[in-house]
Amino acid sequence: MGRFFKFVLIVCGLAVGFAAYSYLGARMTVGQVLGTESPLSQRSIRFDYHGVPSLPGHPRAWVFTYRHTQLPGAPFAQFFVSYNAEIIATRPPDLIRQIDKWQKARMP
């Protein structure tokens with residue numbers, strides 16, 4: 001019984017470690033796109049374990065939703081990041097280009 005309990009604890013620890021690694025990787029990926037002065041605010045983050053129904057193939061992903069943006073023509077923004085920290089999609093589709101354009105316009 002003691003060996004089984006130790007096994008369960010190790011498996012739970014590995015699962016928590018993987019989830020933390022996945023979350024931190026996703027945050028770093030989105031943070032690299034946004035930079036130090038972000039045009040996006042009011043963020044919420046969730047992991048869509050059952051898959052994102054609006055994406056082809058319904059991949060499981062971290063969903064970063066920003067309810068307020070300073071980008072023209074984009075009232076909200078979303079990043080869909082895979083569990084291994086790759087950006088799958090954005091909403092609007094040209095969000096990364098809009099952020100780059102916004103950041104370049106703010107340079108002195």
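Which residues form a nonpolar patch on the surface, and how much accessible area do they have together? The patch is made by Met1, Phe4, Phe7, Val8 and Val11, and their accessible area together is about 570 Å². For a patch like this, residues need over 30% relative accessible area and no salt bridge; nonpolar side chains (Val, Leu, Ile, Met, Phe, Trp, Tyr) are joined within 5 Å, and like charges within 9 Å. The areas come from the Shrake-Rupley method with a 1.4 Å probe, and for residues only the protein chains shown count as cover.

Before going on, a word on the model. It is a predicted one, so local features need pLDDT of at least 70 and side-chain atom pairs count only at pLDDT 80 or more, while totals for chains, interfaces and linings use all residues. Residues are numbered from 1 along each chain as its sequence is written, and side-chain values use heavy atoms, with hydrogens and water left out.

Phe7 counts as exposed because its relative accessibility is 53%. The cut-offs are simple: buried is under 20% relative accessible area, exposed is over 50%, and partly exposed is in between (1.4 Å probe, protein chains only).

## The sheet

Now for the strands. Helices (H or I, at least four residues) and strands (E, at least two) are DSSP runs, numbered from the N terminus. Four strands make an open sheet here, in the order E1-E2-E3-E4, with antiparallel pairing. The edges are E1 (40–48) and E4 (87–91), each of which pairs on one side only. From one strand to the next, the twist averages 15°. Strands of a sheet pair through backbone hydrogen bonds, either parallel or antiparallel. To count as a pair, two strands need at least two bridges found by DSSP.

Let's walk across the sheet. E1 pairs with E2 (residues 61–69) over eight antiparallel bridges, and here Phe47 stands opposite Trp62 in E2. Next, E2 and E3 are joined by five bridges, again in the antiparallel sense. Trp62 turns up here too, opposite Val81 in E3. Finally, E3 and E4 run antiparallel with four bridges between them, and Phe80 faces Ala89 in E4.

How well covered is E3? Mostly: five of its five residues are buried. In a regular strand the side chains alternate between the two faces of the sheet. On one side of E3 sit Ala77, Phe79 and Val81, on the other Gln78 and Phe80, and all are buried.

## The turn between E3 and E4

E3 and E4 form a hairpin with five residues between them, and Ala85 in the turn has a positive phi of about 70°. Ser82 is in the loop between these two strands. Is Ser82 buried or exposed? Ser82 is buried, because its relative accessible area is 9%. Not counting residues up to four places away in sequence, Ser82 touches Arg60, Trp62 and Ile88; touching, or contact, means heavy atoms within 4.5 Å.

Glu86 is in that loop as well. With residues up to four places away in sequence left out, Glu86 touches Phe80 and Val81. Glu86 and Gly51 are 35 residues apart in sequence, and their C-alpha atoms are 15 Å apart in space.

## Helices on the sheet

Helix H1 (residues 2–34) lies across E1, E2, E3 (77–81) and E4, running at about 40° to E2. Helix H2 (residues 95–106) also packs on the sheet: H2 touches E1, E3 and E4, and its direction makes about 120° with that of E3. For these angles, axes are lines fitted to C-alpha atoms (for helices, over the stretch in contact), and the angles run from 0 to 180 degrees between N-to-C directions.

## Salt bridges

How many salt bridges does a search of the whole structure find? Three. The rule is a side-chain nitrogen of Lys or Arg within 4 Å of a carboxyl oxygen of Asp or Glu.

| Salt bridge | Closest N and O atoms |
|---|---|
| Glu37 with Arg106 | 2.7 Å |
| Asp48 with Arg46 | 3.3 Å |
| Arg97 with Asp94 | 2.6 Å |

Arg106 is partly exposed, as its relative accessible area is 48%. In the second pair, Asp48 counts as buried at 13% relative accessibility, whereas Arg46 is partly exposed at 44%. Asp94 is partly exposed too, at 26%.
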